[in-house]
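Subject: Structure handover

Hello,

Here is the structure for you to look through. Please open it first, then read my notes below.

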Amino acid sequence: MDAEGPPTLCDLCLAQVCQSLSSLCSMRADGSMSLIWAPVFPQETADQLLNHMAAKEILNDTTVGIFRSCKELRLRRASIQSCPLSAEAFRLALCPHRLLELDASWVSGGLTGADIVSGLASNPECRSSLQRLSLSGLRLDWESLEANGGIHVGFSSLRGLRMLNLANTDLNDAALEDICNLPHLETLDISCSAISKLTALLECKNTLRSLIAHRQRHLDMSPAQLLFVFSQLHALKHLDFSEDHFSVDDSDGRDGDETVRQLLEGSPQVLPSLVSLDISGRKRISEAAIRSFVESRSGLVFLGLLATGVSSCDFFSTQKSLKVTGEADENQVCEALRRYRDRECFIREALVHLYSLTTDTDKPQPDVLKLVVSGMQRHPTSLQIHLVATACVFNLTTQDLAQAMPISLLSSTVTQLLNTMKNFPNHQQVQKNCLLALCSDYILQEVPFDKYLAAMLVINWLSSHEDPTLQRMAVAVISILVAKLSTEEMAQFSKDIFIMKQLLAIVQQKAMVGVVDSTLKFALSALWNLTDEMPVAARNFIECRGLELYEEVLESYYTEPSIQQKVLGLLNNIAEVEELQADLMEEDILEHILSLLQDSQVDVGVRYFAGGILAHLASRPDAWTLENELRSTVLKQLHDSIMTWTHLEREMVSYRSFHPFCPLLQTCQPAGVQLWAVWAIHLVCTQNTSHYSSMLEKEGLTELLKALAAHPSTHSDIKGLSDSVLSMVEQHQIHAGAFNNQTAPQRS
């Protein structure tokens, strides 16, 4: 059972609304949507609808218009993260609401931080109600607002703000001074900004509880000045003064490192109430200083030490309540993956260590896999992250580990692997890692994901790589995926003659040296599935000179039944297509196939497919272009040979439908043709009665079998098999009816 459980009813309803927006809305003159009718939504549901639309990437200037209806859709906690919105659409749809929280991180569409602040401040209710605001990744751009005639309204106008995230913005010293006038400011994130002085923080020293100042590259303060500011922040409980260790050389960040060293080694009276300290990426830190700092602050519950070189300090083994990010063990690494989701440098570092820690793992770790996938999703363009993360995915899902994972987690994992393959098409190691992870029977057979996309990505990769091991895996993946495609997807896939050429090239490459290996078998299986009830693919096969190649393979692999079955299976697919039957009307190849049918020493599976080809070709006397004597021999040998076949326990064939059998079951057909068709249907029905009985009923073949069994000229052998099949269908219907009666609701 999936540990994450099914989606909630609310989630399903919101997903349906998102999917049906166009039919639920009318269009305003400005091109925005308006709900034709809507009840008053529960307030939390309105927030959830907005979040669903943002998560599904359908929130834009057009769709956000539905939230102009402030009475029906009352927003309080709004997230428009990464959505393409203009300043005008934001002002009309979101600013009229009495918001408590707004996450506008990384929005696109031209919306700036200045637009957001001025828009929110235009609503008197928002000025006092808004408590949390995230503008991470935006340009604040006050100058542009003023140049267009707007009034500069600073952050301090939003008097209710308690949390403000301005990481990765162009925040400057003047704006920071304005922010520090907020009377209730408790949490401030100024990471990766243009701040040069932190002295303005002294204005909020009695309210500021959390300061996040990661990667302050522009700071122009001495260690003594920085330490003085920190020491005056009397309410501070959480301090993040970490650094990006990948982009800093020994000369950069030296003042910051010295500040950290002095803080660790200094008086316990500096930040005595600290609960968490993050100094990951800092240099020149000693284990002794860490020990002293922790021992003097009994309330400390978190310490960030990733990429500092001191996270393996023995002292931490005695600190059971202290969480640490570092590289000493899996707990520290996973803590880093959880806490640093948006920091590429730390995610990359943590993944490198996770790879080493999971190389020989034999324990399913779904929580760890989820963290890895989350890191990939949050950094879709980072080659370094995806290079290591895909290797970690392989470690965590290899062997039998995948079978112990929630299906929904595996589905999102494979979807992410496919996105990675799309985003880094030319990076061989990334592609190799993804392929290694995909090459799992359990994942390919049981996990839902976009099989068509996966097949296209793998076949494209295959075209430019000839490494034997990877080629084998790629062809194995394709052979399984092709069998999983829907009829519509298969039709689209089979149109591409490039795919046919790729697979035939592999068959030819192997056949030239006469090897029998899994790569050859997988390629033959893929071609067989590719042409199954797909006339376009069958035509492509012929145009790519596949018939000539397969004739050579049949002759050279005479003692290999597994190869012959796959070759003859594909030729069966061609023989089912009436307009292509003429291409098979060559005396040499038909006599070879006939010899396989007749030879009692040949595997029954091989004889079965040989018989199928001959039955289809002999079923149309008007299209038979060879000697009639050969056709008569074929028909006689079909009957004689089939009656000697033993029942097969193993499944050697499956059918998408029974449509190709319909012409063979007509009462006017020769007995040999009829017998092969009925024997084939009987075979698959005995192996999977439920599936094929339903298919027979749905496609009308039970009526053909009844007519065949009742016809006076039908051979007794055929009548016997037909009656047996019909009996299986009847028994299946009885059992199915009994089950339905048992499970049907009873009337009281």
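Helices (H or I, at least four residues) and strands (E, at least two) are DSSP runs, numbered from the N terminus. By that count, the chain has 34 helices and twelve strands.

Two notes on the source. This is a predicted model, in which local features need pLDDT of at least 70, side-chain atom pairs count only at pLDDT 80 or more, and totals for chains, interfaces and linings use all residues. Residues are numbered from 1 along each chain as its sequence is written, and side-chain values use heavy atoms, with hydrogens and water left out.

The whole chain

The radius of gyration is taken over C-alpha atoms, and the globule rule is 2.2 Å times the number of residues to the power 0.38. For 748 residues, a compact globule would come out near 27 Å. This chain has 35 Å. Its C-alpha trace spans about 105 × 60 × 60 Å along the principal axes.

Next, burial. Buried means under 20% relative accessible area, exposed means over 50%, and partly exposed is in between (1.4 Å probe, protein chains only). Of the 748 residues, 52% are buried.

Contact means heavy atoms within 4.5 Å. Take the contacts with a separation of 6 or more: 69% of them join residues 24 or more positions apart.

Now the surface. Accessible areas come from the Shrake-Rupley method with a 1.4 Å probe; for residues, only the protein chains shown count as cover. The chain exposes about 33000 Å². Carbon and sulfur atoms supply 48% of that area.

Then the charges. Lys and Arg count as positive, Asp and Glu as negative; His and the chain ends are not counted. Each charge is placed at NZ of Lys, CZ of Arg, CG of Asp or CD of Glu. There are 59 positive and 89 negative charges, and their mean positions are 9 Å apart.

Helix H32 and what follows

Which residues of helix H32 are buried? H32 covers residues 689–698, and the buried ones are Tyr-692, Ser-693, Met-695 and Leu-696. Seen down the helix axis, the buried residues of H32 fall within an arc of 160°, so they line one face. The arc is that of the directions from the helix axis to the C-beta atoms.

Just after H32, Gly-700 takes a positive phi of about 80°. Helix H33 spans residues 701–710 and holds Thr-702. Thr-702 is buried, at 3% relative accessibility. Neighbours within four places in sequence aside, Thr-702 contacts Leu-696, Glu-697, Leu-726 and Val-729.

Two residues with positive phi

Cys-192 is not a glycine, yet its phi is positive, near 55°. Cys-192 sits in the loop between strand E7 (187–189) and strand E8 (210–212). Its relative accessibility is 24%, so Cys-192 counts as partly exposed.

Arg-545 also has a positive phi in a residue other than glycine, near 60°. Look for Arg-545 in the loop between helix H24 (535–543) and helix H25 (546–556). Arg-545 is exposed, with a relative accessible area of 55%.

Residues in and beside other helices

Is Ile-80 buried or exposed? Ile-80 is buried, with a relative accessible area of 0%. Ile-80 lies in the loop between strand E3 (77–79) and helix H4. Beyond four places in sequence, its contacts include Leu-50, Leu-59, Phe-90, Asp-103 and Leu-111.

Helix H4 itself covers residues 87–93 and contains Arg-91. Arg-91 is partly exposed, at 41% relative accessibility. Arg-127 is 36 residues from Arg-91 in sequence and 14 Å away, C-alpha to C-alpha.

Asp-441 belongs to helix H18 (residues 441–446). Asp-441 is exposed, at 55% relative accessible area. Leaving out residues up to four places away, Asp-441 touches Glu-446 and Ile-480. Its C-alpha atom is 9.4 Å from that of Ala-476, 35 residues apart along the chain.

Last, Leu-453 in helix H19 (residues 451–462). Leu-453 is partly exposed, with a relative accessible area of 22%. Leu-453 touches Leu-418 and Lys-422, not counting residues up to four places away. From Leu-453 to Ser-191 the C-alpha separation is 38 Å, with the two 262 residues apart in sequence.

Best wishes
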